[in-house]
Amino acid sequence: MGHHSLLGTLAHRFALLLFVLFALFPLYWLVKVSVTPNDLMYSEGVRMWPSRTSLEHFRFVLENSNFPLFFRNSLIVSLSTAAIVTVIAAFGGYAFSRFAFRGKMWITGLLLVTQMFPLVMLIAPIFRMLSPLGLTNSLTGLILVYTTFNVPFAIFLMQSFFDGIPRDLEEAAQIDGASRFQAFREIIVPLTLPGMAATLGFVFTAAWSELLFALMLVSKVDASTFPVGLLSFVSKFGVDFGQMMAAGVLALIPAVLFFLLIQRFLVQGLTAGAVKG
Amino acid sequence: MVPFQDRRTPGQRFLQAAEPYLYSAPALVLILAVMLVPLVIGVSYAFRDIRLLSPFSGGFVGLKHFHALWVDRNFWLALNNTLYWTGISVALQFLLGLTLALLLNRPFRGRGIVQALCFLPWAVPTFLSGLNWAWMFNPVVGPIPHWLFALGLMDAPTNILADPQLAIWGPIVANVWWGIPFFAITMLAALQSIPRDIYEAASIDGANSVQQFWSITLPFLAPTMAITLLLRTVWVANFADLIVVMTGGGPADRTQIVASYIFTTAFRKLDFGYASAISLVLLGLLLLYSLALVSLRQMLLRKG
């Protein structure tokens with residue numbers, strides 16, 4: 001790409017720098033507030049970095065609160081949801097990509113419509129349904145609900161990845177005597193691993209930050225997740241921003257790690273298929 | 001598919017016909033059981049008197065909620081705010097996301113790390129991002145009012161989130177920050193799938209980069225743009241987290257969108273019947289919007 005002018009290159013770098021600053025500054029501020037001691041929180045006004053830092057908020061969150069438990073619950077729920085959704089969506093997306101079958105149009109329409117429900121409408125009925133099954137106040141219930149709500153988008157995403165893989169590959173395998181399922185498992189799935197990583201990432205972050213269902217379906221501390229903990233924190237202790245932001249920074253770590261881990265695949269994966277209309 | 005498949009037994013033939021249904025069965029069973037059954041119940045709530053913690057609720061009230069809705073000034077205000085909130089949020093996310101994708105589409109050293117940093121906001125839980133942005137808008141310790149004051153755009157660092165004219169911009173900025181990566185990722189993926197040689201052929205024919213953008217890039221991006229804009233518009237219209245966390249719909253309902261109004265009605269007023277009626281209307285409006293878009297697209301495709 002030697003034909004870009006120096007001015008063009010500078011403008012390109014400068015524009016990217018602005019995007020990076022815009023993306024990172026709020027995260028920087030989150031970290032800054034979390035290490036600011038309480039006595040400096042308001043007295044120093046708008047300082048870019050506090051004159052003295054402390055880990056008191058982190059210590060409180062880790063030692064004197066239920067956050068380690070919330071953390072564990074959120075990890076279990078998000079990882080399970082991401083794994084289950086990805087498997088279900090891999091099968092569903094494959095069917096959508098490779099087969100023409102009766103009712104396909106209706107099912108596609110149904111999946112699209114599920115993206116339009118105001119969730120609040122479903123909360124009371126879902127609560128009534130899960131309660132007699134003993135699935136309220138349980139991580140299993142949350143996993144079930146999150147899985148369902150993430151499946152439609154994940155199917156569209158997986159379908160776009162499968163669409164990008166030539167059909168001849170599994171047809172050749174079938175001519176060699178493999179069943180379609182064998183061809184799917186041994187040839188197509190390995191090729192879609194980047195796409196599956198992308199799906200895992202999207203679903204993990206969605207489950208990790210879900211608040212509404214976590215709030216309504218769970219009232220016991222044992223099965224509460226991180227977002228609920230963060231919210232209860234605000235009301236219970238008054239608005240202690242230092243402690244809340246410390247908890248927030250901790251909540252951020254797994255999501256960011258997971259996202260960084262899969263983002264490499266994300267673009268490669270999407271590139272393989274690209275989301276097609 | 002292949003004409004000489006007669007050697008299959010009827011059992012095999014049945015299995016083959018059932019295959020697509022078997023592959024999609026887990027998804028369909030879940031959606032029918034955990035989404036559609038509650039949806040039907042939820043729709044029935046819209047015609048009943050469902051109030052939590054109220055012993056005399058549950059009766060059929062016909063169209064009472066819808067009549068109440070028709071004369072509810074707060075609902076119409078919220079609907080108006082929804083158009084504003086969704087339109088501006090999605091337009092800004094889309095334009096900035098597309099710009100970022102175009103910038104990232106050009107190879108340069110350190111692209112991977114820049115890309116990772118730009119995509120980070122998507123990993124931040126939305127309620128946390130709302131709390132953080134509310135803190136950044138704080139008139140005493142928040143940098144944003146401070147900067148606006150320093151730039152001379154404000155007479156004093158005041159609380160933007162409490163200003164009826166400006167408050168909606170708080171959640172909008174937070175929403176744009178969070179949503180840019182979604183468009184950047186999908187647009188970048190679409191950009192990367194455009195065959196390089198098309199550009200080479202065009203530049204040999206003497207097309208400059210602006211012409212190339214309009215005649216090659218844009219048509220290739222169009223399908224991805226259509227589906228992502230549709231999905232995102234619907235999501236953002238339904239997305240109340242940031243508003244609930246940052247302004248709670250205030251001041252004086254100026255930031256109340258329909259989705260947050262439903263939330264308030266259900267969880268603060270505990271009136272699930274009325275909340276369901278509003279939800280049903282919002283669902284109807286979003287369906288109409290999507291149908292209009294899809295048929296518009298069909299019409300344009302037929303013309304082109």
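How much space lies in the second largest cavity? The second largest cavity holds about 60 Å³ of space, in what is a predicted model. The legends below describe this cavity and other close-up views.

**View 1. The second largest cavity is lined by residues of chains A and B.** From chain A, the lining includes Phe19(A), Phe22(A) and Ala23(A). From chain B come Leu100(B), Cys118(B), Pro121(B), Trp177(B), Ile180(B) and Pro181(B). Two or more lining residues are given by α1 of chain A and by α7 of chain B. By class, the lining comprises nine nonpolar residues, with no polar and no charged residues.

**View 2. The largest cavity has a volume of about 90 Å³.** The search of the whole structure finds five cavities of 30 Å³ or more. Lining residues of the largest cavity in chain A are Trp29(A), Lys32(A), Val33(A), Thr36(A), Leu40(A), Met41(A), Glu44(A), Gly45(A), Arg47(A) and Pro50(A). Helix α1(A) provides the largest share, three residues. Seven nonpolar, two polar and three charged residues make up the lining of the largest cavity.

**View 3. The second largest pocket contains about 1,400 Å³ of space.** Its lining consists of 42 residues, and those nearest the centre of the pocket are Leu112(A), Ile227(B), Leu230(B), Val294(B) and Arg297(B). At least two lining residues each are supplied by α4 (104–114) and α6 (139–163) of chain A, and by α7 (169–192), α9 (209–237) and α12 (272–303) of chain B. The largest share, 12 residues, belongs to α12(B). In terms of class, 27 residues of the lining are nonpolar, 11 polar and four charged. Arg297(B) lies in helix α12 of chain B; because its relative accessible area is 36%, Arg297(B) is classed as partly exposed.

**View 4. A nonpolar surface patch includes residues of chains A and B.** The patch, of about 450 Å², is formed by Tyr28(A), Val31(A), Met48(A), Trp49(A) and Trp147(B). Val31(A) belongs to helix α1 (residues 6–34) of chain A. With a relative accessible area of 35%, Val31(A) is partly exposed.

**View 5. Ala255(A) is a buried residue of helix α12 in chain A.** The helix spans residues 241–273. Ala255(A) counts as buried because its relative accessibility is 0%. A distance of 24 Å separates the C-alpha atoms of Ala255(A) and Lys220(A), which are 35 residues apart along the chain.

**View 6. The loop between α10 and α11 of chain B contains Pro251(B) and Asp253(B).** Most peptide bonds are trans, and most residues other than glycine have a negative phi. The peptide bond from Gly250(B) to Pro251(B) is cis, with omega near -10 degrees. Asp253(B), although not a glycine, has a positive phi of about 65 degrees. At 24% relative accessibility, Asp253(B) is partly exposed. The loop connects α10 (241–246) and α11 (258–267).

**View 7. Asn137(A) has a positive phi.** The value is near 55 degrees, in a residue other than glycine. Asn137(A) is placed in the loop between α5 (120–130) and α6 of chain A. The relative accessible area of Asn137(A) is 26%, so this residue is partly exposed.

Notes: Residues are numbered from 1 along each chain as its sequence is written. Chains are lettered from A and ligands numbered from 1 in the order in which they are written. This is a predicted model: local features need pLDDT of at least 70, side-chain atom pairs count only at pLDDT 80 or more; totals for chains, interfaces and linings use all residues. Side-chain values use heavy atoms; hydrogens and water are left out. Patches are made of residues with over 30% relative accessible area and no salt bridge: like charges are joined within 9 Å, nonpolar side chains (Val, Leu, Ile, Met, Phe, Trp, Tyr) within 5 Å. Accessible areas come from the Shrake-Rupley method with a 1.4 Å probe; for residues, only the protein chains shown count as cover. A salt bridge is a side-chain nitrogen of Lys or Arg within 4 Å of a carboxyl oxygen of Asp or Glu. Helices (H or I, at least four residues) and strands (E, at least two) are DSSP runs, numbered from the N terminus. Buried means under 20% relative accessible area, exposed over 50%, partly exposed in between (1.4 Å probe, protein chains only). On a 1 Å grid over the protein atoms alone, a cavity is a set of points where a 1.4 Å probe fits but cannot get out, and a pocket is an open set with protein on both sides within 12 Å along at least five of seven lines; lining residues have an atom within 4 Å of a point. Grid points are joined across faces, edges and corners, and a volume is the space filled by probe spheres set on the points. Ala, Val, Leu, Ile, Met, Phe, Trp, Tyr, Cys and Pro count as nonpolar, Asp, Glu, Lys and Arg as charged, and the others, Gly among them, as polar.
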